[in-house]
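Trainee: I would like to learn how to read pockets and helix packing in a model. Where do we begin?

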Amino acid sequence: FPDEGVEFLERAAARQRLRTRAIVLCLLLVVQFFIGMVTNLYVTIPAHHPGANAHNYFTGAASSVGWAISGGAVWLAMHAALGLLLALGSLEFIVAAARSRNATWIWSSIAGAAFIIGAGFNGASFLVFGKDYSSLIMAGLFGLSLSSYVLGIFRDGRQTWAYAQATTGQ
């Protein structure tokens, strides 16, 4: 049964890559939170900018986020750009998790991405309408997305440890 050993090593390597992706997303989320706090404290978003107070949320959001990245203050531009990259990275993580067929990573990646995307929509809502509760919801969803990935890392580590214990007979 030499193929079983190769298959086990391939699955272990795939799980390690997923853990690494989750750790990178966690670190980027922490950076994003820090940039968001600096933006919140030191950047004043003008009441009138492209997309502000739009009647259509989606066109207003697209205009506001585009303005934030290309014409907003540096901290706001970094916050918006990193938010978009996090959304794309979280979607890529779902694809990688689905390919692995690992339930822990599938659920963790879906939850994390949903919370990141939700945070992004609330960030765009803050730009469009300027309501503080949108910023609060964005921060809460950050915490939930971070928690999703941390729980995935924890659960995957426990599963790996349990498998190692079972195969070594301890």
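Mentor: Begin with α4, which gives the most to the lining of the largest pocket, with 11 residues. Helices here are DSSP runs (H or I, at least four residues), numbered from the N terminus. The model is predicted, so local features need pLDDT of at least 70 and side-chain atom pairs count only at pLDDT 80 or more, while totals for chains, interfaces and linings use all residues. Residues are numbered from 1 along each chain as its sequence is written, and side-chain values use heavy atoms, with hydrogens and water left out.

Trainee: What is a pocket, and what volume does the largest pocket have?

Mentor: On a 1 Å grid over the protein atoms alone, a pocket is an open set of points where a 1.4 Å probe fits, with protein on both sides within 12 Å along at least five of seven lines; lining residues have an atom within 4 Å of a point. Points are joined across faces, edges and corners, and the volume is the space filled by probe spheres set on them. The largest pocket comes to about 980 Å³. It is lined by 45 residues, with H79, G120, G123, A124 and M138 closest to its centre.

Trainee: How do the residues of that lining divide by class?

Mentor: Ala, Val, Leu, Ile, Met, Phe, Trp, Tyr, Cys and Pro count as nonpolar, Asp, Glu, Lys and Arg as charged, and the others, Gly among them, as polar. The lining of the largest pocket has 31 nonpolar, 14 polar and no charged residues. For the second largest pocket, of about 350 Å³, the lining has four nonpolar, four polar and six charged residues. There α1 gives the most, with eight residues.

Trainee: How is the packing of two helices described?

Mentor: Two packed helices are described by the angle between their axes and the distance between the axes. Axes are lines fitted to C-alpha atoms, for helices over the stretch in contact, and angles run from 0 to 180 degrees between N-to-C directions. α2 and α4 pack at about 90°, with axes 8 Å apart. That makes α2 roughly perpendicular to α4 (65 to 115 degrees; under 35 is roughly parallel, over 145 roughly antiparallel, the rest oblique). Their contact (heavy atoms within 4.5 Å) includes F58 and W67 of α2 and F121 and A124 of α4.

Trainee: At what angle do α2 and α3 pack?

Mentor: The angle is about 125°, with the axes 7 Å apart, and α2 and α3 are therefore oblique to each other. Their contact has nine nonpolar, no polar and no charged residues.

Definitions and conventions
Helices (H or I, at least four residues) and strands (E, at least two) are DSSP runs, numbered from the N terminus.
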